[in-house]
Amino acid sequence: AVPIDDGYRLCSIDATITMAMHDSLDVDRLEAAEGFSGQPWEGQWHRDEIDALMIPLMRPYPTPFGTMLAYDAIPEVDAHFLGRAIVLANRWLDEAGLHPETRLGLVTGAELLEFAQFFASFHLKHIHFVGLAISHLPAVSPVLSLTIWKPRAEMIANLAEFMEMPEARVEKIVEGIAFRADEAANLRYETTPLRPMLIDLGNGFDLWPVSALDRNPFETIRRIHERRDPTAVTRLAAPREEWFRDSLYGLFDNERFECVEGNIKVQVGGRIVTDIDAAIYDRESDQLALFQIKWQDFSTNSPKELGSKARNFMNAMNLWAGTVTSWLETTDIARVMQSMRLKSRGGGATTVHLFGVSRALARLGAMAKTVPHPGLALGNWAQLKRIRLAEHSCYSDLAMLHRTLVHEHDSGPLLRPIPMSMDIGGRRIEFADNFFLVDEEHHQQAETEA
């Protein structure tokens, strides 16, 4: 905060976090490239006239405390929001690193996904109904209407019927999603707000907070289970390397490329010095790509914790790149190919490219106060996937991918701050750069000129 004549100016964006913001924007750019709104489920059930279908279903519901909103249900509306929820929930599960086969307590990731889809669809529908009521039923209180609660027994019975599951099983899954009232003491250790889909009040009722959609609800589910059982951290992390590697290889699924199964131990003098998480060989150009992949959890707003994670990430990537580079410089290419369990048509790879890929954030050099190893192309998963899915890119060589990642690492869309201010208690509070516009057009023009 900077004092000004009649108040304070708040500044939030600096060089250490703007590049990390570009990592977050890569998710939006990937969704635009994939045509996110046209996913199969949403496309099948999407209704352009959704408002016209919903408005006749609404009616005021007077109570002694104010007027709430009531509405009826029809299959077309339920399917519309379920389609959106399926797309969102699958993306959330992937972002949170919760594998469908991972067990948390007595339930699996796949079971949590199925129920999260239901709750998300209900929340999306409810929020949309309340938004329509603001315009069409002015007597209705949005605050009262957004609040949802249900008796636990009634909720379990309804879910069991809808999901076609025994009530006992449904109850176990609900317990895996809900934040319990007796866990409130754990909040004193949290620096990042929890956004649970359900809150078990401990009196036979559950709250359904619509704020659960404010951030990835699976991050909250993951953190709840990590508090309940410290061994959950290990079980969550166990399948991620293979899961990540399979996703990476899926981007090179054609006859031109050969992907090495499993990871590769690098030995020098009979001693293992590092490992290579993934390797891809381009048969046409005789190029070899070696990957170090990281799936770290960056879902925190603690600057101290983020800084520590950034330093760990950059130090690990640079150490790996330096070790592999030294090994390549002192090892015959035929031996390298043999270590990779690869066979070439000629003398082996003529060029070797090093890649470091993070599932979430990769532009962390400023935060870690270091720079990437000169031979290493750092990128995040959304960025790498977008580049590979670009037109004609799937048939381009590994050198192009390496060059593009290196170029994009220190560049990105221009962030234009949107200054805002408000008066509080006779003092003026200015927000210098808490909000911003993304100048993607300027970035694309610069990319074209380059």
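1. E408 is buried in this predicted model, and its relative accessible area is 5%. The residue belongs to helix α16, which spans residues 398–409. Leaving out residues up to four places away in sequence, E408 touches R363, Q383, R386 and I387.

2. Once neighbours within four places in sequence are set aside, H126 is in contact with Y71, S145, L146, I148 and V210. With Y71 there is also a polar contact between the side chains, at 2.7 Å.

3. D423 is exposed, at a relative accessible area of 58%. Strand β19, residues 420–424, holds this residue. The side chain of D423 makes a polar contact of 3.1 Å with the side chain of R428. D423 and G7 are 416 residues apart along the chain, yet 8.8 Å separates their C-alpha atoms.

4. Helix α8 covers residues 167–177, and its buried residues are V170, I173, V174, G176 and I177. Viewed down the axis of α8, these buried residues fall within an arc of 155 degrees, so they line one face of the helix. As background, an α-helix has 3.6 residues a turn, so residues three or four places apart point the same way. The cover over the buried residues of α8 includes strands β6 (107–108) and β8 (179–180), together with helices α5, α7 (152–163) and α9 (217–228).

5. Two of these covering helices, α5 and α9, deserve a separate look. What describes a pair of packed helices? The angle between the axes and the distance between the axes do.

6. For α5 and α8, the packing angle is about 80 degrees and the axes are 10 Å apart. The two helices are therefore roughly perpendicular, since an angle from 65 to 115 degrees is placed in that class. On the α5 side the contact is made by E111, L112, F115, A116 and F119, and on the α8 side by R169, V170, I173, V174, G176 and I177. Sorted by class, this contact has eight nonpolar, one polar and two charged residues.

7. For α8 and α9, the axes come within 8 Å and cross at roughly 95 degrees. This makes α8 roughly perpendicular to α9. Here E175, G176 and I177 of α8 meet I221, I224, H225 and R228 of α9. The class count for this contact is three nonpolar, two polar and two charged residues. G176 and I177 take part in the contact with α9, and both are also listed in the contact with α5.

8. Turning to the chain as a whole, the secondary structure comes to 17 helices and 21 strands. The protein chain has 450 residues, of which 45% count as buried. Among contacts with a separation of 6 or more, 68% are between residues 24 or more positions apart.

Definitions and conventions:
Residues numbered from 1 in each chain as written. Predicted model: local features only at pLDDT ≥ 70, side-chain atom pairs only at ≥ 80, totals over all residues. Heavy atoms only, no water. Polar contact = N/O pair within 3.5 Å; in protein donor to acceptor, adjacent residues only side chain to side chain. Contact = heavy atoms within 4.5 Å. Buried < 20%, exposed > 50% of the residue type's maximum accessible area, 1.4 Å probe, protein only. Helix = DSSP H or I, 4+ residues; strand = E, 2+ residues; numbered from the N terminus. Arc of directions from axis to C-beta. Axes fitted to C-alpha atoms, helices over the stretch in contact; angles between N-to-C directions. Parallel < 35°, antiparallel > 145°, perpendicular 65-115°, else oblique. Nonpolar A, V, L, I, M, F, W, Y, C, P; charged D, E, K, R; others polar.
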